[in-house]
Amino acid sequence: MSRRLSWAVLGLVLVGALAVGSGGRSGPPTEDQRVQRISSVVRCPTCRGLSAAQSDAPPAEAIREEVRRRVQAGETDAEVKGYLVSRYGEDILLQPKTDGVGIVVWALPLIGVTVAVGGLVLVLRKRRTRPGAKVSDADKALVEEALRS
Amino acid sequence: MSAVLGTAAVALGLAAAVLGMATLALGLRRNNPGMLRAGQRYVWLVLGGAVLATVAMQYALLSHDFSLKYVADNGSRSTPLLYTITTMWSALEGSILLWALVLAGYIAVMARHFRSRATDPIVAWATIVALGVAVFFFGLMAGPANPFRLVAGAVPLDGPGPNPLLQNHPLVAFHPPMLYLGYVGFTIPFAFALAALITGRLGEGWLVETRRWTLFAWGFLTVGIVLGAWWSYEVLGWGGYWAWDPVENASFLPWLTATAYVHSVMVQERRAMLRVWNLSLLVATFSLTILGTFLTRSGVLDSVHAFTESPIGPAILAFFVLVVAVSLVLIGSRGDKLRSPGSIDAPVSREAAFLANNVAFAAFAFVVLLGTVFPLLAEAINGDQLSVGAPYFNRMTAPIGFTLLFLMAVAPALPWRKASTETLHHRLLWPAWAGTLTVVACVASGLRGLGPLLAFGLAAFAGAAALRQLALSVRASRRAGQPVRQALLGRSNGGMVVHLGVVLVAVGFAASSSYGHRAQFRLAPGESARLAGHSVTYLGTTVEDRANKKTTSAQVRVDGGKVYEPALHQFQFGSQAIGSPSVRTGPFSDVYLTLIVPPDAAGVAVIGVNIQPLVAWLWAGGTVMGFGTFLAAWPGRRRRPSTSDPGPEVVTTPDDDIARPEPATVSS
């Protein structure tokens with residue numbers, strides 16, 4: 001099998017498997033899934049760092065129940081989170097919102113990585129095209145000969 | 001008595017460190033070899049001071065000398081022996097003492113290691129820098145964080161004991177010392193880096209001298225972090241092991257920059273490139289250990305480890321600023337000498353892969369640092385109350401993690417300087433198939449989700465690449481007629497073993513954070529519940545009264561087999577009950593049980609059940625990483641490092657496959 005073909009087959013198999021594997025569940029998320037999704041980005045008020053989904057503390061359980069009640073009442077995720085923010089304050093959310101000062105924590109790494117990767121590409125390109133030391137024809141001949149033997 | 005001895009010991013350590021610095025500085029100024037040798041001897045007095053202070057503290061703790069404020073605040077007559085010993089690092093002042101002890105030990109080992117070169121200015125300067133760090137930590141103990149302060153007023157008869165969470169699991173005896181061996185170990189390479197900057201001997205000499213020190217520090221830090229995760233899993237009872245808590249991040253940050261460093265030094269050794277970058281990484285690693293101490297010990301962030309509001313915050317912050325400022329000025333002033341004579345020839349080469357690795361690690365560290373300090377900054381600047389937690393870190397670092405796994409798979413196969421497509425095809429095809437087939441197998445067995453599938457595939461790719469290198473190495477040493485164990489020793493082979501450990505950790509992390517199940521069950525004695533294919537049967541509870549705590553244990557039978565006992569502890573002086581989980585660990589999945597609510601009048605208890613796959617792979621991976629570091633640091637058959645600094649020069653060797661036993665280049 002030719003070199004290119006073997007990699008093409010590998011790529012196809014990989015993409016196919018990932019496509020099947022990442023194919024989501026059919027239909028809208030269930031109530032349990034939504035409660036899980038919302039409470040995993042909400043802080044447990046009494047235990048720093050843990051989400052309401054992870055903690056067994058009573059306040060976390062209260063939040064999970066509140067979220068479930070509101071999901072059952074037909075509120076959207078944003079509405080439920082909005083309620084929790086109004087009740088507990090902005091810092092109840094474990095990831096800052098992108099409006100306001102919170103945008104910094106999302107945007108800075110992206111900008112930084114873009115600049116770093118751009119710089120890396122530039123460096124590699126520059127090095128590549130930079131003319132090296134002058135090579136005389138005699139040197140070239142010497143190399144040719146060495147390679148032939 | 002302990003107070004007097006301890007205070008005297010701290011004073012001895014502080015004075016010896018100051019005098020040692022002064023003697024060495026004077027010796028350098030006057031070019032006096034006798035003084036330089038004498039200056040080195042003060043190191044032993046510093047060590048003596050630290051050991052004596054530790055002995056005094058342990059004696060005070062063991063003899064329940066409550067006239068000491070530290071013992072009165074953190075000791076207790078009813079605390080078991082092990083936790084009385086570990087009380088030394090269960091609160092702020094004692095943990096500074098542990099830091100000073102480890103630091104003094106490292107400096108003494110350094111002085112002994114370089115004793116034949118005591119008159120070499122670079123060694124003298126490195127000792128001065130290291131002693132300067134010691135002055136800071138002894139100064140903390142002499143001033144704001146004095147562990148030997150006496151109680152005001154009457155001596156209490158008993159104390160509250162250490163934080164209940166810190167007397168709940170024997171791991172507390174291993175995790176902090178291991179972590180400190182890691183943190184503090186970076187002082188030595190940092191000291192040599194500054195010494196190289198000061199003396200202007202910026203060749204690869206200092207790098208080679210401190211290479212093994214860096215590896216050991218890195219290994220200790222790695223094992224310390226994994227032990228911390230394990231402790232958190234076994235003690236905290238929420239079923240996880242990594243919460244992106246500021247304290248965890250504080251230990252992870254220097255690990256990230258140090259990991260970048262242990263990779264990029266190879267580029268400098270081989271190609272004499274990236275000098276400024278490597279110096280910056282070492283400075284970053286050391287200063288991040290100090291910043292981490294500030295974040296966790298000053299009380300700016302509240303968490304289990306940030307014991308109290310303390311006056312040492314400003315002192316540590318000032319030291320951090322000083323370290324960064326001095327390092328930046330030195331690097332800036334040596335800019336001309338730091339220009340690298342080498343250059344990168346091709347974007348597909350080992351050195352380019354290391355460069356990409358460094359960009360990824362730097363980005364990783366930046367994200368973790370930003371996320372950790374952002375709530376503080378936002379609050380300080382415009383009073384906003386914000387949280388940055390696990391969802392943020394997971395989302396931002398996942399792509400970086402995938403990139404790193406991919407690089408880990410590809411880079412070992414790349415030759416230095418330039419790779420041909422022929423080489424790539426030959427070396428990468430079957431590892432790539434291993435990754436692809438892993439994904440296929442996972443999908444076929446019903447696993448879903450792009451993230452975990454990518455992680456498993458890339459991990460298998462990287463694992464196969466590492467195994468291929470090790471297999472080649474074994475074959476090479478067979479051919480050369482050497483014993484096979486030789487094939488595992490040395491940096492490149494040990495490094496591949498470390499990579500295998502990383503693969504295990506990555507798989508464990510991806511699996512347990514994607515495919516876990518958790519639930520709470522209200523059960524009467526004899527009742528059973530099922531979760532994710534496992535059954536748990538609640539049998540009943542027992543209550544045990546001990547001197548320091550009252551323990552309520554539930555008996556829970558798992559899968560009809562062994563009985564596990566999650567418990568709730570009510571400590572004598574603790575306000576709230578502390579749960580201790582009980583875990584059935586298995587190679588493929590853990591059953592993690594907690595007692596959430598003790599039985600009510602009707603005997604109904606609430607049991608938390610957490611089923612997590614492959615958690616044990618994390619601990620196995622950590623062990624393999626530690627073992628691999630040990631192999632990598634093994635002397636092997638290398639030549640002794642040359643004692644003279646070769647100065648700036650281009651070190652070049654022909655393309656080679658690292659699977660070969662490492663060739664003796666100028667730098668090794």
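How many residues of chain B are in contact with chain A? The legends below describe close-up views of a predicted model.

**View 1. The contact between chain B and chain A.** In this predicted model, 53 residues of chain B are in contact with 40 residues of chain A. Helix 13 (350–382), helix 14 (390–410), helix 15 (421–444), helix 16 and strand 9 (589–597) of chain B each give two or more residues to the side that touches chain A, and helix 13 of chain B gives the most, with 13 residues. By class, this side of chain B has 34 nonpolar, 14 polar and five charged residues.

**View 2. The packing of helix 16 of chain B with helix 17 of chain B.** Helix 16 (residues 450–479) and helix 17 (residues 491–514) of chain B pack at an angle of about 165°, with their axes 9 Å apart, and the two helices are therefore roughly antiparallel to each other. Helix 16 of chain B passes helix 17 of chain B in a left-handed crossing. Residues of helix 16 including B:Gly451, B:Ala455, B:Ala459 and B:Gly463 meet residues of helix 17 including B:Val503, B:Val507 and B:Ala511, and the residues of this contact divide into 14 nonpolar, seven polar and no charged.

**View 3. The nonpolar cores.** The largest nonpolar core has 231 residues, and among those with the most contacts inside it are B:Val46, B:Leu103, B:Ile107 and B:Phe137; helix 6 (residues 121–142) of chain B gives the most to this core, with 17 residues. Not counting residues up to four places away in sequence, B:Ile107 touches B:Val43, B:Val46, B:Ala130, B:Leu131 and B:Ala134. A second, separate core of 17 residues includes B:Leu523, B:Val583, B:Leu593 and B:Val609.

Technical notes: Residues numbered from 1 in each chain as written. Chains lettered and ligands numbered in written order. Predicted model: local features only at pLDDT ≥ 70, side-chain atom pairs only at ≥ 80, totals over all residues. Axes fitted to C-alpha atoms, helices over the stretch in contact; angles between N-to-C directions. Helix = DSSP H or I, 4+ residues; strand = E, 2+ residues; numbered from the N terminus. Parallel < 35°, antiparallel > 145°, perpendicular 65-115°, else oblique. Left-handed = near helix turned anticlockwise from the far one by under 90°. Contact = placed C-beta atoms within 7 Å. Nonpolar A, V, L, I, M, F, W, Y, C, P; charged D, E, K, R; others polar. Core = buried A, V, L, I, M, F, W, Y, C linked by C-beta atoms within 7 Å. Buried ≥ 20, exposed ≤ 12 C-beta atoms within 10 Å, placed from the backbone.
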